Amino acid sequence: FIHIPKTGGISFRLNIIHNPRYYLKNKIVIYHFITTENNKYLDIFNTNYKLFTIIRDPVKFVISCYIYFQCSKPLKTFVDTYRNMQLKFLLGYSIFSVGNVTKKGFDKIIELVNNNRLTVGIYEGNKMNNIYRLLNINHSPDKYILNKSNQYVEITDEIKTQIINAN
């Protein structure tokens with residue numbers, strides 16, 4: 001399980017991986033860091049593991065990161081600075097790296113997904129079924145315990161559009 005920060009990974013662990021209701025046949029290794037440079041952690045492009053990850057709606061993801069990491073920059077500056085954060089993480093970079101994702105990097109991730117080497121679930125939706133099928137479990141999303149904060153940031157339509165275009 002490749003745990004991209006702020007995508008519901010802790011809720012997933014609480015509800016699925018550590019839930020005694022489910023008997024998981026295979027051991028699940030949780031990666032909080034991956035790399036493609038020196039194999040320090042996990043090189044997702046050169047492994048035989050069945051990989052899965054959770055991604056999140058870009059607007060909700062960026063706002064969640066902004067709140068959780070208590071960014072002191074204005075939200076507009078944060079959005080301008082940090083782009084494609086979830087994709088960068090899968091490519092082995094910090095979500096806060098400021099480099100751009102190349103088409104080659106994007107294509108490498110798409111190839112993993114298309115070749116069924118990386119299963120992707122989408123947090124807060126019915127798109128988690130791909131992961132449940134991979135783990136061979138029947139899970140009811142209405143019984144999901146969420147690890148949520150009560151903090152709120154008001155965003156304009158302009159900021160929403162900016163986030164969508166940057167991610």
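I started at Asp80, which is partly exposed with a relative accessible area of 37%. For this I took buried as under 20% relative accessible area, exposed as over 50%, and partly exposed as in between, with a 1.4 Å probe and protein chains only. The model is predicted, so local features need pLDDT of at least 70 and side-chain atom pairs count only at pLDDT 80 or more, while totals for chains, interfaces and linings use all residues. Residues are numbered from 1 along each chain as its sequence is written, and side-chain values use heavy atoms, with hydrogens and water left out.

**Salt bridges**

I looked up the partner of Asp80 and found Lys76, in a salt bridge of 3.7 Å, N to O. The criterion is a side-chain nitrogen of Lys or Arg within 4 Å of a carboxyl oxygen of Asp or Glu. Lys76 is partly exposed at 40% relative accessibility. Lys76 and Asp80 are four residues apart in helix 3, about one helical turn; helices are DSSP runs of H or I with at least four residues, numbered from the N terminus.

The count is two salt bridges. I noted Asp107 with Lys103 at 2.8 Å, N to O, both in helix 5 and four residues apart. Asp107 is partly exposed at 33%, whereas Lys103 is exposed at 62%.

**Rings**

I counted nine aromatic pairs, where ring centres of Phe, Tyr and Trp (its six-membered ring) lie within 6.5 Å; planes under 30 degrees apart are stacked, over 60 edge-to-face, and the rest tilted. Tyr68 and Phe69 are edge-to-face, at 4.9 Å centre to centre and 90 degrees between the planes. Tyr82 and Phe96 have centres 5.1 Å apart and planes at 80 degrees, so this pair is also edge-to-face. Tyr82 is in the loop between helix 3 and helix 4, and Phe96 in the loop between helix 4 and helix 5, so the pair ties together parts 14 residues apart in sequence. Tyr82 is buried at 13%; Phe96 is partly exposed at 28%.

I also checked for charges over rings (NZ of Lys or CZ of Arg within 6 Å of the ring centre and within 35 degrees of the ring normal). The charged end of Lys6 sits over the ring of Tyr68, 4.1 Å from its centre.

**Core**

Notes. Helices (H or I, at least four residues) and strands (E, at least two) are DSSP runs, numbered from the N terminus.
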